[in-house]
Amino acid sequence: MPDDNAFDLIFRQAALPGEARPVDIGVRRGRFAAIAPVIAADAPEVVVGGRAVLPGFVDSHVHLDKACLLGRCGHLQGGLKAAIAAVSAMKRDFTVADVHERGAQVLERAIAKGTTRMRSHVEVDPRVGLRSFEALKALKRDYAWAIDLSLCVFPQEGLTNDPGTEELLVQALQNGADALGGCPYTDSDPHQQIARLFALATRFDVDLDFHLDFDLDASWMHLDEVCRQTKAHGYGGRVAIGHVTKLSCLPPQAFARAAERLAEAGVAVTVLPSTDVYLMGREATQDVPRGLTPAHRLLARGVTCSVATNNVLNPFTPFGDASLLRMANFYANVAQVGPEGFDACIDLVTALPARLMNLRDYGIAIGNPADLIVLDAPTQAEALAGLAEPIMGFKNGRQSFSRPAAQLHAPSQPRAALRAVAS
Ligand SMILES: [Zn+2]
């Protein structure tokens, strides 16, 4: 008979969101097996000491295939179009080994910053073929000990205007792609692209994730068409749209109507603060707009939202450490979210992207995989405000990283000498 009180590991005094007092968390065979004020059992222990514990960050939108390219192309000032063109030219020379090496750099940073689940978009078209996809499939296997990587293949440079792309997407979907992305704003026939992608998604039974729009002209948008197709295909809860920067410049009533349509259709929104703030509003000479869609306001209107990394150290975003705590902090700062909204900002990089990605086994609950991180702060809100470091992380009950606390090295001087200096 298995012993119900036997654990492989016990975390002591973990501060969980919503719990008034720290709790103990027992792990058995890689899964959470008990959560209680005190677990009276002997097992190897990790003393959390009242620090904030989360089930790891969930990055719902990253581009591993085109990360870490700055050294190759220099710095560009041309905005979105120049960034797409620069990567388009470079990706002809991408090799599987090259993409694997750059993607690994981002994954290792993400793991060490506490991310346990990630969706990476990966470009598939006649210029790069399936090379980036093959590299990311290898990364998914190579780093499964620390992170669950989901692969979303997509046509960055258009579908209906780029012959051969759809056939490559089909090959990827037949060979391990987890989700299908889109980019109607670069297509010569955006609505036809949306229709083709819904047809492929339903054929392969995968979720959809569009780069929907990326400008500040609210006189037109594809949002209604995506909501319409989502309802027509019964795909509510399986469609996400990213950037959607047009929503950032809608007046309140139009914003409320858009939020209502998204919530009703079951379409989720991902905001990419670093890229959006870096690329939007470049035509302005003063009073530069933020160009950042207020995810917390959509959330308050019933829309599933996430905040994510997008690009790391490339022409789209020459910044990045793959830290979602930093990104949530940056979002809160730019979107003018005060302390009353800090818990919601943590939700935007944890439970909400898990919902967006339909990760049904995410969270610190009995039976789920024992994934957790410990932040060097007493609450998640304080961790967000002060950018507390994640000091350790576990995946399926096995430790995946540790970060010793920084030590200050003050000069050691005898007290008498100090007094002499003071006088
Ligand atoms: Zn993106």
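Me: Which protein atoms are the donors of the zinc ion, and how far from it do they lie?
Reply: Happy to start here; this is a predicted model, where local features need pLDDT of at least 70, side-chain atom pairs count only at pLDDT 80 or more, and totals for chains, interfaces and linings use all residues. Residues are numbered from 1 along each chain as its sequence is written, and side-chain values use heavy atoms, with hydrogens and water left out. Donors are N, O and S atoms within 2.8 Å of the metal (3.2 Å for Na, K and Ca), and sites may look incomplete since water is not among the atoms. For zinc they are His61 (NE2), His63 (NE2), His211 (NE2) and Asn310 (OD1), at 2.1 to 2.3 Å.

Me: Why is the arrangement of the four donor atoms around the zinc ion called what it is?
Reply: Four donors count as tetrahedral if all angles lie between 85 and 135 degrees; four count as square planar and six as octahedral if opposite donors are over 155 degrees apart and all others between 65 and 115, and anything else is irregular. Here the four donor atoms subtend angles of 87 to 176°, which makes the arrangement irregular.

Me: How many residues apart in sequence are the parts tied together by histidine 61 and histidine 211?
Reply: Along the chain the donors follow the spacing H-x1-H-x147-H-x98-N. Histidine 61 lies in strand β6 (residues 57-62) and histidine 211 in strand β10, so the pair ties together parts separated in sequence by 150 residues. Strands here are DSSP runs of E with at least two residues, helices are runs of H or I with at least four, and both are numbered from the N terminus.

Me: Is histidine 61 buried or exposed?
Reply: The cut-offs are under 20% relative accessible area for buried, over 50% for exposed, and partly exposed in between (1.4 Å probe, protein chains only). Histidine 211 is buried, and histidine 61 is likewise buried.

Me: Which side chain of opposite charge is nearest to aspartate 213?
Reply: Aspartate 213 sits in strand β10 (residues 207-213). A salt bridge needs a side-chain nitrogen of Lys or Arg within 4 Å of a carboxyl oxygen of Asp or Glu, and for charge Lys and Arg count as positive, Asp and Glu as negative, with His and the chain ends not counted. Aspartate 213 is buried yet has no salt bridge, and the nearest side chain of opposite charge, 5.4 Å away, is lysine 246.

Me: Which backbone nitrogen does the side chain of aspartate 213 reach at 3.0 Å?
Reply: A polar contact is a pair of N or O atoms within 3.5 Å; within protein, one must be able to donate a hydrogen and the other to accept it, and residues adjacent in sequence count only if both atoms are side-chain atoms. The backbone nitrogen of lysine 246 lies 3.2 Å from a polar atom of the aspartate 213 side chain. The one reached at 3.0 Å belongs to threonine 245.

Me: Which backbone oxygen does the side chain of threonine 245 reach?
Reply: Threonine 245 is in the loop between β11 and α8 and is buried, with a relative accessible area of 0%. Its C-alpha atom is separated by 6.2 Å from that of leucine 216, 29 residues apart along the chain. At 2.9 Å, the threonine 245 side chain reaches the backbone oxygen of aspartate 215.

Me: Which side chain makes a polar contact of 2.9 Å with glutamate 157?
Reply: Glutamate 157 lies in the loop between β8 (148-154) and α5 (165-174). At 18% relative accessibility, glutamate 157 counts as buried. Its partner at 2.9 Å is the side chain of serine 88.

Me: Which elements do the buried residues of α5 pack against?
Reply: In α5 the buried residues are Thr165, Leu168, Leu169, Val170, Ala172 and Leu173. Just after α5, glycine 176 takes a positive phi of about 110°. Those buried residues pack against α4 (131-142), β8, β9 (179-182) and α6.

Me: How many residues apart in sequence are the parts tied together by arginine 196 and glutamate 166?
Reply: The side chains of arginine 196 and glutamate 166 meet in a salt bridge (2.4 Å, N to O). Arginine 196 lies in helix α6 and glutamate 166 in helix α5, so the pair ties together parts whose separation in sequence is 30 residues.

How values were computed. Contact means heavy atoms within 4.5 Å.
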